[in-house]
Amino acid sequence: MRIADHDLDLQRGTLVHDGVPVHLRAKTFALLSYFARNVGRVIGKDELLAAIWPDVIVTEDSLTQAIGDLRRVLGNAVIRTVPRRGYMLDAARPMPMQDGPPTVVVLPFLTLSDRPDDRALADAVVEEICQCLGRYGLVRVIARHSAFQCRPEDIPPQEAARKLGADWFVEGPARRVPDGLRLSPALCETASGRQIWTETFLVGDDGPTEVLSALPHRIVTRLSLDEQKRAALLPASPSADLGAWRHFVAGVAALRRYGPGVNEAACDHFHATVARDPGFALGHAYLGLAILTVGRYDASPPDVLDRGLSHALHGVELAPDEARCHAILALARLWRREFDAAEYSARKAVETNPSDPDPLAILGYVLTLRGKPHEGIACLNAAIRLNPLHPAWYHGDLAIAHHVAGNHAEAIACIQRLPALDAWKETRLAACHAAMGDATAAARHLDRAEALSPGWDAQAMVDSWAELEHDADHSYLQREVRLALQVRRNLTPDGRKN
């Protein structure tokens with residue numbers, strides 16, 4: 001593990017600087033090792049004393065001395081003091097986008113058809129092409145969510161590619177013909193607008209498997225990239241049943257909407273998907289996600305948690321190279337409080353497709369709930385760079401990460417970017433404003449929470465929130481909500497402090 005300009009090997013028990021071993025006292029090295037196993041997490045003094053001096057009664061002076069020794073070796077900025085909470089090893093590994101590979105955006109097809117479900121089918125093909133290109137690892141792919149906000153009916157493709165920062169773009173029509181849906185994609189250079197390749201594909205009764213197997217390879221071949229990785233471009237979870245595909249597309253669309261009955265409708269579509277094609281990995285994974293969404297995530301009954309996990313696991317078994325299956329499995333494990341397994345699956349999803357921002361954002365959320373909010377923030381910010389026109393839930397997860405990290409102003413800014421606030425988000429705003437000393441704002445947001453949800457009990461809700469792994473993080477949030485409630489009680493009716 002790299003910490004500042006030192007290399008820490010926990011298995012060998014060594015710390016090396018420029019090839020030279022660094023001598024640390026036994027307890028100081030034990031403290032560094034404990035920090036390294038909990039990198040990015042704020043650790044309280046009591047926990048550190050119990051972990052490093054389990055059988056000895058020592059004062060805080062011993063801890064302070066060991067912290068000082070580490071700072072002299074590693075630098076003052078590496079071990080951070082978090083007021084009233086403890087210490088943290090600030091060695092988060094950000095995941096910046098690398099320079100070099102070309103950036104490609106696959107824009108939605110211009111659908112020329114009188115069948116309303118043809119546009120959804122064409123959009124699904126675009127999404128799968130993005131996934132195949134992302135797994136290749138040698139191109140940056142603009143995320144589906146960003147690309148789909150630049151539809152050809154609204155903005156010229158070249159202008160859309162410039163807006164999204166892509167070097168190359170893929171666009172073209174999708175026409176209904178007697179034997180299926182004909183796609184005519186073209187690869188174009190953004191700077192000049194010149195077209196360097198075009199071809200025609202047919203999506204017929206056997207589904208989009210052929211186009212998904214061929215089209216991504218055509219793109220990277222024209223960009224003169226490494227042909228040895230051609231296998232990575234094959235769709236990880238194809239279905240040869242067009243009916244199964246149509247149910248899958250409808251289910252995903254329903255799951256991405258908000259409103260009464262949409263999650264139940266998604267569940268029905270995914271059940272129909274796997275009934276028609278039991279070997280369709282994404283169908284099983286998304287069915288697991290829909291089951292858990294209907295069950296209300298971590299609040300789902302045990303049998304629902306089991307069913308959701310079973311489908312997610314089956315999806316990974318069917319398609320171990322499909323990042324979305326691993327990402328859904330990470331959520332299923334997270335909601336069962338299987339934190340180690342959730343982080344493993346989330347990292348596997350990112351490793352499988354580094355260009356898909358959603359698994360990266362999910363990894364950021366998992367790390368946050370594991371008490372590593374600074375690593376979580378780095379992942380979420382990297383996901384935002386990959387998906388500049390990202391969905392609103394990125395802001396919600398980033399707000400939680402900033403709040404757990406104690407970055408109250410940043411958390412407030414993220415929540416205020418959300419299109420709609422519920423009682424829980426208003427309560428989080430109240431807690432952040434109270435921590436910053438703004439009693440009036442804290443009271444205002446608590447009032448809004450209670451107006452949005454009559455009978456709302458802010459303290460009971462934060463007490464029952466079970467997604468955080470560590471009691472210290474939970475207690476921290478509980479204290480901030482109690483502070484918000486207290487400062488509201490201390491205000492006079494005209495908003496002044498008593």
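Me: Which strand is glycine 180 found in?
Reply: Glycine 180 sits in strand 12, residues 180-183. Helices (H or I, at least four residues) and strands (E, at least two) are DSSP runs numbered from the N terminus. One caveat on the source: this is a predicted model, where local features need pLDDT of at least 70 and side-chain atom pairs count only at pLDDT 80 or more, while totals for chains, interfaces and linings use all residues. Residues are numbered from 1 along each chain as its sequence is written, and side-chain values use heavy atoms, with hydrogens and water left out.

Me: OK. Is glycine 180 buried or exposed?
Reply: Glycine 180 counts as buried, because its relative accessibility is 4%. Buried means under 20% relative accessible area, exposed over 50%, and partly exposed in between (1.4 Å probe, protein chains only).

Me: What about arginine 194 and glutamine 158, how far apart are they in space?
Reply: C-alpha to C-alpha, arginine 194 and glutamine 158 are 9.7 Å apart, and they are 36 residues apart in sequence. Arginine 194 is in the loop between strand 13 (186-189) and strand 14 (195-198). Arginine 194 is partly exposed, at 45% relative accessible area.

Me: Switching to aromatics. How many aromatic pairs are there?
Reply: The count is nine aromatic pairs. Rings of Phe, Tyr and Trp (its six-membered ring) pair if their centres lie within 6.5 Å; planes under 30 degrees apart count as stacked, over 60 as edge-to-face and the rest as tilted.

Me: Why is the pair of phenylalanine 248 and tyrosine 286 edge-to-face?
Reply: Their planes are at 80°, so the pair is edge-to-face, and the ring centres are 5.4 Å apart. Phenylalanine 248 lies in helix 8 (residues 242-255) and tyrosine 286 in helix 10 (residues 281-294), so the pair ties together parts 38 residues apart in sequence. Both residues are buried.

Me: How are the rings of phenylalanine 270 and tyrosine 286 arranged?
Reply: That pair is tilted, because the planes are at 35°, and the centres are 5.7 Å apart. Phenylalanine 270 is in helix 9 (residues 262-276) and tyrosine 286 in helix 10, so this pair ties together parts 16 residues apart in sequence. Phenylalanine 270 is buried with a relative accessible area of 0%, and tyrosine 286 is buried at 11%.

Me: Which residues do ring pairs link into a cluster?
Reply: Ring pairs link Trp245, Phe248, Phe270, Phe280 and Tyr286 into a cluster.

Me: Salt bridges next. How many are there in the whole structure?
Reply: A search of the whole structure gives 31 salt bridges. A salt bridge is a side-chain nitrogen of Lys or Arg within 4 Å of a carboxyl oxygen of Asp or Glu.

Me: Which residue forms a salt bridge with glutamate 469?
Reply: Arginine 370 does, with the closest N and O atoms 2.8 Å apart. The pair links distant parts of the chain, 99 residues apart: glutamate 469 is in the loop between helix 20 (458-464) and helix 21 (471-489), and arginine 370 in the loop between helix 14 (357-369) and helix 15 (373-386). Glutamate 469 is partly exposed at 23% relative accessible area, whereas arginine 370 is buried at 10%.

Me: Where is the partner of arginine 488?
Reply: Glutamate 450 is in helix 19 (residues 439-452) and arginine 488 in helix 21, 38 residues apart. Their closest N and O atoms are 2.8 Å apart in the salt bridge. Glutamate 450 is partly exposed at 32%, and arginine 488 is also partly exposed, at 24%.
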